[in-house]
Each structure stands twice: as C-alpha cells, then as structure tokens.
Amino acid sequence: MKIDLNFVAQAIKAHIIMPEGAAVNGCFSGIAHDSRLLKPGDLFVALRGANGDGHHYLDQAAAKGAAAVMVEQGFEPRPQLSLPVIEVRDTLSALQQLAHAWRMEFELPLIAVTGSVGKTSTKDMLAACLQPLGPVLKTQGNFNNEIGLPITLLNLDAACRNAVVEMGMRAPGEISALAAIARPSHAVISNVEAVHLESMGSIQNIARAKAEILDYIEEGGFALINGDQQLLREAAAGHKAKLYRFGWAEDCEMRILQTRCDAEGLAVRMELLGEAMLLALPLPVPELAYNMAAAAGTARLLGVSCADIKTALAGITLSKLRMHIIELPEGGVVINDTYNASPPSMKAALGLLHQIAGSRAKVAVLGDMLELGSYEREGHREVGDRAALLGVRTLLTVGRRAADIAEGACRSGMDPESIYRFADAGACLLWMREHISRGDAVLFKASRGMKLEELMEGWLCPSPTGEKL
C-alpha cells in the first residue's frame, strides 16, 4: 500500500493530531476496521455499528502496532495514544472518501459485478479470465458492501492491470452509493431474482436498483446484462452505458447455444461476439452457464484471447464457502455452499448434489433463507419440491423458515420419515453424528446469517468431548 498520512489528510480534509513523539514512517501497510485482524503498520479506522464501536478498541489497536487511528470528533472517553490520530466527522464516510480518492489515482479497467444471484461466482470467473493480462484485484469474501468495497479499493496498487469488485445491496440507492465510490469503467448484472423482498418490495424495484450501476459507466465503457430477463432489459433501457447481453436469447451477443452437464463438470457451447466457443467448467451446475457467458464476454471485450478464457475457466476455483467440494477418506463427499442462499441458488446446489452423488446416498442439510419477504413461504417450499424431485434420501432442515422446505418436500412425495426438522444447528449436529454416514454425499446450504458452516465443521471434526454447537 502506498497510502501515507499526507494522502489521507488531503483526501478527506481531516484534522491530524500528532502527540509528542508520534510519527508515521512511510506508508501504511494496510487499513483495518477490526482490531483483532490488525497488522503492525495498519491504519485503524474506528467504525460505529450495530455490533460494536471501534472507538472502544483504540488501546488494543495501538498495542498491536497500529501506525495511526481514525476517530470521530468528540468521542469519549479518549485514551492517551502515542500515535497520530486522524479526526473526522464520520469514520465510515471518511473511509469511503479515502477509498474513492485512492481509486481515482488509477486508470485501469474496474468492473463492478452485481445481481441477485451469482455475483461471487461471476466475479471469480471474470477475475480468473483476466489474469493473463496481469495482476487482478478482486473482492475477497463478503466485502461487497459500504465497508468492504472501500477496503477492497484501498488495496489497489501500481501492479494491478484490472480490478473486479462485487456490489451487494438490500435497499434502493445502495448500488448507486457504491458505484459513486468505485467509479467502475464496466459492469456486469448477473440477474434479478426475488431476494431482499423485505426491503425492496417487488422484483421490479430490484431490477431498477441493480440498474443504478449503469449511470456510472462513462463513455468508452460497457455493461453486460442478462438478456433472458425482460425486467432487466426494461430497467436497463434508457441508460447511457453501451450494453451487451448474455443468455440464450437470439439477440444476445454472448449467446449460449447448448449445455452438457455430468459428474465431471459443465460444458457450454456458445457464440461469443460472433466467435464459436466451447467452454468447460469443473463444476456440474447448469445454472453457471450464465456466469460463464458473462465472464467470458467481458474478458473477450477487454482483450483476453479465447484460448486463455477457456484455460482459465477449466481451472477455476470459486471463493471459500461457494460450492466447495470436499472428498472424504471414508468415500463420501461434502458440498460446502454456506456463503448465502436464495431459492434459485438452493435449487442449483441441490442439482450439484444430484450430479456428484453417484451411488452415494444424497443428504441435504438446508437452513433458513432470509429476507425473502412475501415470497418466504413459497420460496422455501419450492426448494423442498426440488429436493424431492432430485431424489434426496435424507432432508434435514434447520430453523423456523426452513421447516417450509420440509413441507414442500412432503407435498412433492418425499417420504415424511426421511425428513427431519431442527430448531437449531446444535440439535441437528447431535442427530447427524448418530445417523449420517461419512460415506454419503452431503450438502450444507443456508443464508449467511445461519452460519451453517459451523454445523458442517462440527460434523466433519467432532469435538473429543462431544460438545454441542
């Protein structure tokens, strides 16, 4: 990182307090907003949030080697610190301003990826496809919000040739706010689906909110949208950005022609800007054909050869907790897809379980899907329908909402004696340790707030004391 105290002061017009003997030697090594993750030489930004106030951890940050701290004016109590203190009105706003100023130091393609489902997979595929052009900065983990995006941008450096950032949202205006910070040169909208309906109200509102990104694409840039979704086409109409479409529709510039899916993976035959291509992915999930088309099309427009795109997708590794397949020594297999969940992604994960299970018994451990609003009950039931259709042998549901998954499975003919409802992960874990074989094929999936990866880890690595979650 090449950001120093002078750059910070100029970028955010901050008041710098230099206690006697305090100094910053050179540039900060990084930016941290969690004192537990701070490294020596980092700038610590004290953020206020629902789960805590960073101002309470300034002493810990100093003890761990923070080079400086950013705080809000007038906070109390004020510890005695022997390091530079950067005072601002609002630390979150200052962090965002700093990230914007730093991003504007770089003239490089910066592609923003948004959408209801498939953002992270598309981001990972696109970053891999762009790698032949040089180092790529990409969003890590769930750093796709008003805090994570600025921290991602502050990792830009002179070596980067491209950047791929993910943008999430829960309310209108949030995509616009993130885009104003990042100033993307290009964008991808993967799709619009019935998620976040609690805060968005309707899928039409979701489409309009996702299309906010298009207002920030300047002349010379472009955006790719899912051409099979009429709502998204309508929402994108009238924006100044140059648009390309991906999907099965005849007028898509990145047109999917045929897919083939088996236990070895997914093959997609497509026409990419007039060029015939056959792409392969080592994950047997038909729904990922859209992500492949979006990533391949964007990379091709940015100058990556067809051969390099094919090689990149054939060797792709998705982000942690995203369709991560774990082979067990006992002969079983686990699918860890616990990053997040919606009805479409749940159904895709069940399809992956069906493809890779082979002769192994199929076990689905499914938790609550959050923020579905009026679609909550039916969305969960549709997932249960799919589980029954795909021949899941044992269905375990975790949480109040997920009980509707069980109801859907029952209505679609699954044996009720093969369905088990649990109020929490601890009860489910105890049952799994007694009844689920490590020779089975087991899927774990739920919304992020359910932390179902902890259940998975508890089953894979049981405590010697048999402690509950």
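**Contacts, cores and backbone features of a predicted model**

I111 touches L126, L130, A163, V164, V165, H186, A187, V188, T298 and L302, leaving out residues up to four places away in sequence; contact here means heavy atoms within 4.5 Å. The structure is a predicted model, in which local features need pLDDT of at least 70 and side-chain atom pairs count only at pLDDT 80 or more, while totals for chains, interfaces and linings use all residues. Residues are numbered from 1 along each chain as its sequence is written, and side-chain values use heavy atoms, with hydrogens and water left out.

I111 lies in strand β8 (residues 110-114); strands (E, at least two residues) and helices (H or I, at least four) are DSSP runs numbered from the N terminus. Because its relative accessibility is 0%, I111 counts as buried, a term for values under 20% relative accessible area, with exposed over 50% and partly exposed in between (1.4 Å probe, protein chains only).

Nonpolar side chains in soluble globular proteins tend to be buried together. A nonpolar core is a set of buried Ala, Val, Leu, Ile, Met, Phe, Trp, Tyr and Cys residues joined through side-chain atoms within 4.5 Å. The largest such core has 72 residues, and L130 and L350 are among those with the most contacts inside it. A second, separate core of 62 residues includes L137, M200, I206 and A207.

Helix α3 (residues 91-103) has 13 residues, which at 1.5 Å a residue should span 18 Å, in agreement with the 18 Å between its end C-alpha atoms; the expected span is 1.5 Å times one less than the number of residues. At the start of α3, a side-chain oxygen of D90 comes within 3.1 Å of the backbone nitrogen of L92. Buried residues of α3 include L95, L98 and W102.

How do α1 and α3 pack, in angle and axis distance? Helix α1 (residues 5-12) packs against α3 at about 105°, with the axes 9 Å apart; axes are lines fitted to C-alpha atoms over the stretch in contact, and angles run from 0 to 180 degrees between N-to-C directions. The two helices are therefore roughly perpendicular, the term for 65 to 115 degrees. At this packing, F7, V8, A11 and I12 of α1 meet A94, Q97, L98, A101 and W102 of α3.

Most residues other than glycine have a negative phi, and most peptide bonds are trans. K13, in the loop between α1 and β1 (15-17), has a positive phi of about 55° although it is not a glycine. The peptide bond from E76 to P77 is cis, with omega near -5°.

Note on methods
A polar contact is a pair of N or O atoms within 3.5 Å; within protein, one must be able to donate a hydrogen and the other to accept it, and residues adjacent in sequence count only if both atoms are side-chain atoms. Angles under 35 degrees count as roughly parallel, over 145 as roughly antiparallel, 65 to 115 as roughly perpendicular and the rest as oblique.
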